[in-house]
Amino acid sequence: MLLYTLRRILEFVPTIFIALTLIFVITRLVPGSPITALIGNQSVDAAQIDAITKQLGLDRPILEQYLEWLPRVVTGDFGQSLFFSAPVAEVILDRFPITFALTFMALLVTVAVGIPLGILSAMRRGGILDYFGNVLSSLGMALPPFWLGFMLMLVFAVSLQWVPASGYRPMEFGFWSWLSRLVLPVLALSVSQIGLVVRMTRSTMIEVLGMEYVAMARTKGLRERTVILRHALRNAMVQIVTVIGLVFALGLGGSVIIENVFALPGLGELITTAAVRRDYPTLEGGIFYLTLVALVINLMVDLAYAWFNPRIRYA
Amino acid sequence: MTPAAAEATTPSTARSALRAIRRAGPMLLSGGTVLALVVLASLFVPLLVEIDPLGIDVAQKLLPPSAEHWLGTDEFGREVLDRLIIGAHISLRVAFAATLLTAVLGIALGALSGQYRLADSIIGRFSDALLVFPGFVLAIMILAALGPSELNVVLAVVVLYVPRVIRTVRASIIEFRSADFVQAARAVGVGDMRLLVVHILPKSFGPVMVQLTFGFAWAILVEAGLSFLGLGPPPPSPSWGNMISAAREFIRTAPWIMIAPGVMITITVLSLNLIGDGLRDLVDPRLQGKVGP
């Protein structure tokens with residue numbers, strides 16, 4: 001296990017390196033100078049343009065920029081945000097807890113609804129619950145999450161007025177005040193994830209239920225409940241755990257647009273506004289941090305999978 | 001990524017094939033019908049009725065759905081229904097172009113990496129790297145760099161989806177490379193290129209078609225999301241995502257402007273996913289009910 005862990009961590013390094021390089025290359029793909037994109041139609045004097053060019057280091061050859069940029073960002077220093085008068089790393093760390101809260105709660109909801117529904121669907125294949133789960137998951141995966149967010153807002157905030165429509169309030173102002181503003185975003189993010197988890201759990205469970213040891217357990221005359229909970233589910237859990245990791249990474253990606261809908265000042269909202277305003281240092285930093293978290297979760301999932309499933313370690 | 005749902009048991013008998021067809025039939029039929037309706041409506045309605053998605057008429061602004069304005073009007077007095085129909089052109093055009101380009105690139109690059117070691121390690125590295133970014137943040141980054149336009153949305157979708165197709169094609173080439181029928185063909189002197197194109201590649205056709213169907217649906221969602229963020233085809237172009245984005249200010253006063261395009265996206269994506277599910281059950285009954293994209 002130790003050897004496997006070490007190997008996976010070593011593999012992690014080049015992945016990060018390539019991700020960073022891609023981020024660097026793409027943000028510098030801009031036709032013309034990013035400065036023109038940055039200032040748009042405003043009239044800015046030449047000295048100011050010069051200053052920004054210098055600040056971004058755009059006056060130097062691209063390879064030199066890269067060699068200066070890479071060691072700097074590896075230590076987490078993405079420079080100064082062009083819009084907030086603060087270092088990018090600081091802005092990101094300020095906003096990350098919001099994204100984490102959103103993604104984590106969405107994960108909890110997804111797991112709490114998706115896994116039981118998937119298991120029950122598999123146990124009663126072709127039954128009413130299976131049908132219901134199927135419709136729900138197909139619909140969930142077809143709804144654009146951001147639009148679903150607005151629809152939830154329309155029903156629960158505008159019509160029923162149960163919760164505020166959007167915005168964020170830190171927990172210091174009271175737990176409910178904090179939570180009430182996260183309920184709708186969490187729901188909007190969960191629905192498509194639930195669809196995915198129901199389907200994955202269902203198919204894993206069906207697969208496991210077809211295994212010989214399940215048939216054996218039944219032949220022994222064990223109660224169906226024991227067969228499902230002690231024999232089938234236990235083995236299915238190995239794969240279901242990996243799905244949970246997958247969903248968490250997915251949620252991080254999905255949060256980007258949901259935060260925008262509900263005006264939650266998280267990392268995703270930071271990324272999208274930075275993209276629209278072309279605040280490159282912030283964009284680079286935001287994307288890198290988000291990707292890094294997703295990668296770390298992925299790594300943990302892989303390790304957990306190997307822990308549960310020794311065959312993987314020696315492959 | 002972990003082989004979460006990769007391994008499947010093999011009850012591949014004639015009976016299960018029959019069951020697959022019985023299962024796939026209704027899905028293909030319902031998905032196909034709905035999709036055909038959307039496509040036909042977007043193509044032929046503009047020919048039959050006069051449609052003016054950009055016609056501004058301030059006197060008629062923000063009117064709720066009624067007999068004259070079936071789906072109501074927006075903040076400039078433009079017909080929501082007209083914009084919806086033209087929006088279908090944009091959304092479907094972008095998704096279709098992206099899917100087509102993904103298919104061409106994915107098959108070519110997948111074939112290369114299935115065939116040649118060196119190409120495999122280079123292409124493999126790149127596609128792995130593209131897959132590490134969660135969700136569509138990579139697309140956001142690409143559009144921030146290239147600027148919002150229809151073509152750039154297409155490019156971003158291709159970059160996001162092509163690695164998946166490459167993997168599928170590569171996997172099936174590696175699977176069949178040493179199959180008996182390939183060995184036999186090689187023995188009678190069939191050349192490498194012909195072997196690949198005529199004997200091996202067609203084997204990946206099924207899985208690739210399934211994947212592209214899901215990819216098409218996914219492209220519609222990505223285009224809508226990017227447009228919503230202001231990174232898609234710039235307004236006044238009535239893409240469905242743009243319509244939702246513009247309707248955001250009027251969600252309290254005129255919710256119908258936002259409801260209509262979202263329903264269209266959902267219906268279209270749902271029908272494509274149904275077709276994908278149906279195709280998959282036909283192509284590989286073992287994967288019955290497994291996750292799509």
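**Contact between the chains**

Modeller: The contact between the two chains draws 56 residues from chain A and 41 residues from chain B; two residues are in contact if their C-beta atoms, placed from the backbone, lie within 7 Å. This is a predicted model, where local features need pLDDT of at least 70, side-chain atom pairs count only at pLDDT 80 or more, and totals for chains, interfaces and linings use all residues. Residues are numbered from 1 along each chain as its sequence is written, while chains are lettered from A and ligands numbered from 1 in the order in which they are written.

Biologist: Which helix gives the most to the side of chain A that touches chain B?

Modeller: H11(A) does, with twelve residues. Helices here (H or I, at least four residues) and strands (E, at least two) are DSSP runs, numbered from the N terminus.

Biologist: How many residues on that side of chain A are nonpolar, polar and charged?

Modeller: There are 38 nonpolar, 13 polar and five charged residues on the side of chain A that touches chain B. Ala, Val, Leu, Ile, Met, Phe, Trp, Tyr, Cys and Pro count as nonpolar, Asp, Glu, Lys and Arg as charged, and the others, Gly among them, as polar.

Biologist: Stay with H11(A) for a moment. At what angle do H10(A) and H11(A) pack?

Modeller: Helix H10 (residues 212-219) of chain A packs against H11(A) at about 150°, with the axes 10 Å apart. Axes are lines fitted to C-alpha atoms, for helices over the stretch in contact, and angles run from 0 to 180 degrees between N-to-C directions. H10(A) and H11(A) are therefore roughly antiparallel to each other; angles under 35 degrees count as roughly parallel, over 145 as roughly antiparallel, 65 to 115 as roughly perpendicular and the rest as oblique.

Biologist: Which residues make that contact?

Modeller: From H10(A) come A:Tyr213, A:Val214, A:Ala217 and A:Arg218, and from H11(A) come A:Val227, A:His231 and A:Ala232. By class, the contact of H10(A) with H11(A) has five nonpolar, one polar and one charged.

Biologist: New topic, chain B. How many helices and strands are in chain B?

Modeller: Chain B has ten helices and zero strands. Of its 293 residues, 46% count as buried; a residue is buried if 20 or more other C-beta atoms lie within 10 Å of its own, exposed if 12 or fewer, and partly exposed in between.

Biologist: Why does H6(B) lie largely in the open?

Modeller: Helix H6 (residues 180-187) of chain B has eight residues and the number buried is zero, so it lies largely in the open. H6(B) is followed by B:Gly189, which has a positive phi, near 95°.

Biologist: And B:Ala95, buried or exposed?

Modeller: B:Ala95 counts as buried, with 26 C-beta neighbours inside 10 Å. B:Ala95 sits in helix H2 (residues 80-115) of chain B. Leaving aside neighbours within four places in sequence, B:Ala95 is in contact with B:Phe216, B:Ala219, B:Ile220 and B:Glu223.

Biologist: How many residues has the largest nonpolar core?

Modeller: The largest nonpolar core has 156 residues, and those with the most contacts inside it include A:Ile271, B:Val137 and B:Ile140. A nonpolar core is a set of buried Ala, Val, Leu, Ile, Met, Phe, Trp, Tyr and Cys residues joined through C-beta atoms within 7 Å.

Biologist: What does A:Ile271 touch?

Modeller: Not counting residues up to four places away in sequence, A:Ile271 touches A:Val256, A:Leu283, A:Gly286, A:Ile287, A:Leu290, B:Val137 and B:Ile140.
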